[in-house]
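Welcome! Please take a moment with the sequence and the 3D view below, and then read on for a guided briefing.

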Amino acid sequence: MEQGTVLTMRGICKSFPGVRALNHVDFSLKKGEIHALMGENGAGKSTLIKVLTGVYSRDEGVIEVEGLSGDVQIRSPQDAQEAGISTVYQEITLCPNLSVAENMFIGRSRGGLVPWKQMENRAGEILSGLGIPARPRQQLGSCSLAVQQMVAIARAVDMECKVLILDEPTSSLDDKEVAMLFGLMRDLKARGVGIIFVTHFLEQVYEVCDRITVLRNGELVGTYETRNLPQVELVSKMMGRELENLSFMEGRKRTGESSSTVFEARDLSSTACPNAFDFHIAKGEVNGFTGLLGSGRSESVRAIFGADRVTGGQTLVDGKPVRIRSPRDAMEQGIAYLPEDRKDDGIIADLSVRDNIILALQVMRGFFHPISDAEAERMAEEFIRTLEIKTASLDTPVRSLSGGNQQKVILARWLLTHPRYLILDEPTRGIDVGTKTEIQKLVLKLADEGMSVTFISSEIEEMLRTCARLIVMRDRRIVGELTGEQLTQESVMRTIAGGESV
Amino acid sequence: MSRDKRIREPMSDTHLLMTITICIFFCMYFLAMAVWGGGFLRWQQVFDMLNNNAALIIVACSLTIVMIGGGIDISVGGVIALVAMSCVVHLNQGGSIFTAALLSLGIGLAFGLVQGYLVAYLEIQPFIITLAGMFFARGMTTIVSLEPQKVAHEGFKTLMNTKVEIPWLGYTAKNGNLIPARMEIGVVVALLIVVLVYFMLRKTRMGRNFYALGGNSQSALMLGINIRRTRMITHLLSSILAGIAGFVFLMHTGAGNATNAAGAEMNAIASSIIGGTLLSGGVGNVIGTFFGVMTLTTIKSIVTVSGLRDPWWQSITTGAMLCFFILLQSVVLSRRSRGKNRKNQREAVK
């Protein structure tokens, strides 16, 4: 192994039934560098990480770690830890029923007794050293997701690891927390830790990373110095084609002012969204809720869909008052909702792609009018084709699809019910650039066909590209509404940040 | 760090549920003392409850361990019956108490190894495996002896009749004699096991691994815990404790019978749940379980003294109690998580 290299992976291959997930991939990590691992969903990033951490066993290939001789066999996360490889996953992999301190130390040493006092003191030192707002004796489940993520990082940091893998650590963090995390990463880098950083956020890559390795379809595209690789080139390498001009969307925004109002809410409030709000959307309009995480964007649309208990207000469809007290009521009015948390609220992981797609339609029809197999197959195939869902077959369980494809399956499910009003809550989170653009295009196409769409996203550029009207929220209240000329990044930021309502 | 200690953390779910059970137990017992007086006013009542339920306390600990790890073990009743019967036959054929004790441990160990291996390494549902184990143990019991057997071994009879006397908790009978409170040897064993298991769950790495496994097995794996071995150990401990429970059971009844300890597994599950162990895993505590057994027993005594002597009344009240506790737990825990969400939202807004 070369001098100054902490980790070398050579010729890594991994196959799953029907899919070649990794095909002779090479990867190397230097001491004290932050190395981005990039690729679209399904490119093999997660698989490579899981091979390295012992969750999957590799079919072929060699892994060498500094200080250990020869090919290192990593058969379990435990082996990986012992080899000095720590991982922080996108989904929190801690135990909510244990205390913060326990979560930082459990599984790390052998031996009989748990030295509670020592452990809690040490945890307290680490947490305050890193500025993480958690108390060692607090039950982990009582912390917010962001703090839980930080605890996971604190755990990894304390393990004196040589290689730290951060798998999409920033997707549930806000800007301040991301900055804190980057500070931490630079600290560790200075201490000589090699960091593998997996993310979808291009700006973040350019902010902290030294080198970038790009994977596509399970194959290595190449490893580049960050400063020698312009952002556009990176994207085209990830997608394997020149990035399409995004300006196709300009000038096609529809305010829908001329057409009739499809849905209207007056003084609507729910248990999760106590401040009553007014809202309306016209036929063929695309509008969006924007604001910081936790500002009440999702809660507002959940109230519209009846997903939380509605406590007051009035809803009108086509100007006629209707009662929406449950998602079922909303569905009957032609409203569809793609939830924020696709893992918990969206997909049913063990069911097949086909069954997931026809689920909502089946509910609408009632269970005494089953959809025939042939019909289900036809409908599912149609959407797999039109949305370009990458799946081995109709019967593949949804869990084995990549994140972006899972999202498309849920989208297909709702499109199948032919909604008049579609609510998309963070449909592009954790999805690669290519699929993001596809979803944005699809939204605009649907609007052209007369569907009303409400779009929520944390990325302002994306909102600006798709929405004709932005409703800005802060502290669970609507603080502004932007249209036309006002739709610039700057004015959105200014409205979110506060001061005068526009 | 000393500054941090002064912040009182909100109780963990485990401790909250346990505290509720203990409070309810004492309320109920004091109520019984106030309304029915008599036996409830004597310490002997408590010791009788312990004497009659020593084996149940032990297998309730079994279930607590397995349930914390996110599993279930319904073979324990069968193991008790098999151990009791085997020991009787062994003793009556001239075996010693020592070898009988080894036999009980051996049977427990065998069940634990097989069930644990199947559940942990072949990843078969614990319910199915231990259901099979239950039928197997019951069947074996009748093979060992079809007829009920009484212990004839003199040494063992002496052991059965040996009681720990606690004079200062006794009462004075009508004729003026002091009758000390009496506790069987089995109770000492059971209490010792409760303490040991409490210590194991709280202080040892293995015990904490059980909680991690039950809390989220996937996370536990990622945290570097050998979840297969951990799951195996929960079943191993459970069955060994069931073996000990069988021996203790025999010390109380002095006879082996194919229907011994019928439904013990269900009572043990009920006690664990009442004591604050969640069937979903990761939450629970043997002190709570101990009070779960006592609560269940107190209810049964109350039913009996209030004149409802037919056996079905006990089953009905047990069922009602179980419902009540599960409702209470889910209400408490859901209120808690709602409070947490609100708090986090407030923080996020800040």
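## A first look at the model

In chain A, Phe289(A) stands opposite Ile456(A), a residue of strand 17. This is a predicted model, in which local features need pLDDT of at least 70 and side-chain atom pairs count only at pLDDT 80 or more, while totals for chains, interfaces and linings use all residues. Residues are numbered from 1 along each chain as its sequence is written, and chains are lettered from A and ligands numbered from 1 in the order in which they are written. Helices (H or I, at least four residues) and strands (E, at least two) are DSSP runs, numbered from the N terminus.

- Two strands pair if DSSP finds at least two bridges between them.
- These strands sit in an open sheet of six strands in chain A, ordered 15-16-17-12-18-19, with mixed pairing.
- Strand 15 (335-338) and strand 19 (477-483) of chain A are at the edges with a single partner strand each, so one side of each has no neighbour in the sheet.
- From one strand to the next, the twist averages 15°.
- Helix 9 (residues 297-305) of chain A lies across strands 12, 15, 16 (421-425), 17 and 18 (469-474) of chain A, and runs at about 150° to strand 16 of chain A. Angles run from 0 to 180 degrees between N-to-C directions, and axes are lines fitted to C-alpha atoms, for helices over the stretch in contact.

**Strand 10 of chain A and its partners**

- Strand 10 (residues 261-270) and strand 11 (residues 277-282) of chain A run antiparallel and are joined by five bridges.
- Strands 10 and 11 of chain A form a hairpin, with six residues between them.
- Glu264(A) has His280(A) in strand 11 of chain A as its bridge partner.
- Strand 10 of chain A also pairs with strand 13 (residues 310-317) of chain A, antiparallel and over six bridges; here Ser269(A) stands opposite Gly312(A).

**Two crossing helices in chain A**

- Helix 12 (residues 353-365) and helix 13 (residues 373-386) of chain A have axes that come within 9 Å and cross at roughly 100°.
- This makes helix 12 of chain A roughly perpendicular to helix 13 of chain A (angles under 35 degrees count as roughly parallel, over 145 as roughly antiparallel, 65 to 115 as roughly perpendicular and the rest as oblique).
- Val353(A), Arg354(A), Ile357(A) and Ile358(A) of helix 12 meet Ala376(A), Glu377(A), Met379(A), Ala380(A) and Phe383(A) of helix 13 in chain A.
- The residues of this contact are seven nonpolar, no polar and two charged. Ala, Val, Leu, Ile, Met, Phe, Trp, Tyr, Cys and Pro count as nonpolar, Asp, Glu, Lys and Arg as charged, and the others, Gly among them, as polar.

**Where the chains meet**

- The contact takes 32 residues from chain B and 30 residues from chain A; two residues are in contact if their C-beta atoms, placed from the backbone, lie within 7 Å.
- On the chain B side, helix 9 (205-215), helix 10 (217-222) and helix 14 (311-349) each supply at least two residues.
- Helix 14 of chain B gives the most, with six residues.
- The side of chain B that touches chain A has 13 nonpolar, 11 polar and eight charged residues.

- Most residues other than glycine have a negative phi.
- Glu123(B) has a positive phi, near 55°, and lies in the loop between helix 5 (97-120) and helix 6 (126-144) of chain B.
- Ala261(B) also has a positive phi, about 50°, and lies in the loop between strand 4 (255-256) and helix 12 (264-274) of chain B.
- Which of these counts as buried or exposed? Glu123(B) is exposed, with 10 C-beta neighbours inside 10 Å, whereas Ala261(B) is buried, with 26 other C-beta atoms within 10 Å. A residue is buried if 20 or more other C-beta atoms lie within 10 Å of its own, exposed if 12 or fewer, and partly exposed in between, with C-beta atoms placed from the backbone.

**How confident is the prediction?**

- The model scores ipTM 0.80 and pTM 0.70.
- Chain A averages a pLDDT of 81, and chain B has a mean of 87; pLDDT is the predictor's confidence in each residue, from 0 to 100.
- pLDDT stays under 50 over residues 243-252 of chain A, and it is below 50 over residues 1-6 of chain B.
- Where pLDDT is low, the predicted coordinates should not be read in detail.
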